[in-house]
Amino acid sequence: MLELQNVRGGYGGGDVVKGVSCRVESGEILCVVGPNGCGKTTLFRLILGSLPVTGGSIRIDGRDTGGLSPRELAGLVAYIPQYHAPVFAYTVLEVVTMGRASHFSAFEAPKRIDREAAWAALEKMNIEHLAHKKYTALSGGQRQLVLIARAVCQSAKVFVMDEPAASLDFANHQLLTEVAEDLAARGYCVVMSTHSPEYSAAGSKILLMSQGRAAGFGEPREVITPENLEQVYGIEMDVITVQDRYGTERTICLPVRANHGRGS
């Protein structure tokens, strides 16, 4: 579904992303992990087409994105921002319907088929009860669900989420994790970035980035290791696997430091 081959790109002053390759299928979640400034957001902008690729290629559903129009690309990939500050008090239904913008011209009003698609997206996210509420009155977690519904309404096949849980509490963080897993189960390809290495353990694939390059790519157990994390973050770290009360395995990444002879 999404294939990056030796991708390079940046902002004009040189490449920020320097030869990243990875492949993710439909029904998988790719978690992009790495410290601040490692190139995660730049990589997302290259995938979304808002920055030009200076080397390599990006293919979505077998199509090279370099040859696609903005409207064609919008039919393949949708962006769900970390935070969205609404300017106008649109209803939730109106915000979700905006996901259909690539299906009609700027001078057309949404048609019946667009409104039906918006309702279907709300139902998929189980938030149809919010349809007529003002988007500005929603909590952070509810807004994230609305933005995901808008992406579903867009009919895209790849969802790009930049730090989607950064400003959410524990409950909404868990909800977002379940939503991402549900989207993957429905056949979507979900790409999401995070600062927390253990959060990535829920992903099907991990892309660990450092200084614009791929420091590791593969299954969580292969990539999220003490050696890889110490190399990328520059501090000693332990990776511990535990089971919660229901027997589900969870990964915990702990920064560690030597005792240096201090008393116990």
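Across which strands does α1 lie, and at what angle to β1 does α1 run? I looked this up before anything else. α1 lies across β1 (2–10), β2 and β4, and its direction runs at about 115 degrees to β1. I note here that the model is predicted.

**Entry: the four-stranded sheet**

I traced the sheet that holds these strands. It is open, has four strands in the order β2-β1-β4-β5, and its pairing is antiparallel. β2 (15–24) and β5 (63–64) are at the edges; each has a single partner strand, so one side of each is left without a neighbour in the sheet. I then checked the join between β4 (residues 53–60) and β5, and found two bridges in the antiparallel sense. For R59 I looked up the bridge partner in β5, which is D64.

**Entry: the six-stranded sheet**

I went on to an open sheet of six strands, ordered β6-β7-β8-β3-β9-β10, where the pairing is mixed. Its edge strands are β6 (77–80) and β10 (213–218), each of which pairs on one side only. From one strand to the next, the twist averages 20 degrees. Helix α1 (residues 40–48) packs on this sheet, where it touches β3 (29–33), β6, β7 (158–161), β8 (189–194) and β9. The direction of α1 makes about 155 degrees with that of β8. Helix α5 (residues 140–153) also packs on this sheet, touching β6 and β7; the direction of α5 makes about 170 degrees with that of β6.

I looked at how β10 is attached. Strand β9 (residues 205–210) pairs with β10 in the antiparallel sense, over five bridges. The bridge partner of S210 in β10 is R213. Leaving aside residues up to four places away in sequence, A215 touches L208, M209, S210 and V232. I also took the C-alpha separation of A215 and L229, which is 9.4 Å for residues 14 apart along the chain.

**Entry: rings and a charge**

I searched for aromatic pairs and the count came to one. The ring centres of F159 and Y188 are 4.8 Å apart and the planes stand at 25 degrees, so the pair is stacked; the cut-off for stacked is planes under 30 degrees apart. F159 is in strand β7 and Y188 in the loop between α6 (170–185) and β8, so I record a link between distant parts of the chain, 29 residues apart. I then looked for a charge over a ring, and found the charged end of R143 over the ring of Y135, 5.5 Å from its centre.

**Entry: nonpolar cores**

Which residues touch the most other members of the largest nonpolar core? They are V96, F159 and L183, out of 48 residues in that core. α5 gives the most to this core, with eight residues. I listed the contacts of V96, not counting residues up to four places away in sequence: A118, A121, L122, V146, A149, R150 and C153. Another core lies apart from the largest one and has 28 residues, among them V7, V20, V24 and L73.

Notes: Residues are numbered from 1 along each chain as its sequence is written. This is a predicted model: local features need pLDDT of at least 70, side-chain atom pairs count only at pLDDT 80 or more; totals for chains, interfaces and linings use all residues. Side-chain values use heavy atoms; hydrogens and water are left out. Two strands pair if DSSP finds at least two bridges between them. Axes are lines fitted to C-alpha atoms, for helices over the stretch in contact, and angles run from 0 to 180 degrees between N-to-C directions. Contact means heavy atoms within 4.5 Å. Rings of Phe, Tyr and Trp (its six-membered ring) pair if their centres lie within 6.5 Å; planes under 30 degrees apart count as stacked, over 60 as edge-to-face and the rest as tilted. A charge sits over a ring if NZ of Lys or CZ of Arg is within 6 Å of the ring centre and within 35 degrees of the ring normal. A nonpolar core is a set of buried Ala, Val, Leu, Ile, Met, Phe, Trp, Tyr and Cys residues joined through side-chain atoms within 4.5 Å. Buried means under 20% relative accessible area, exposed over 50%, partly exposed in between (1.4 Å probe, protein chains only).
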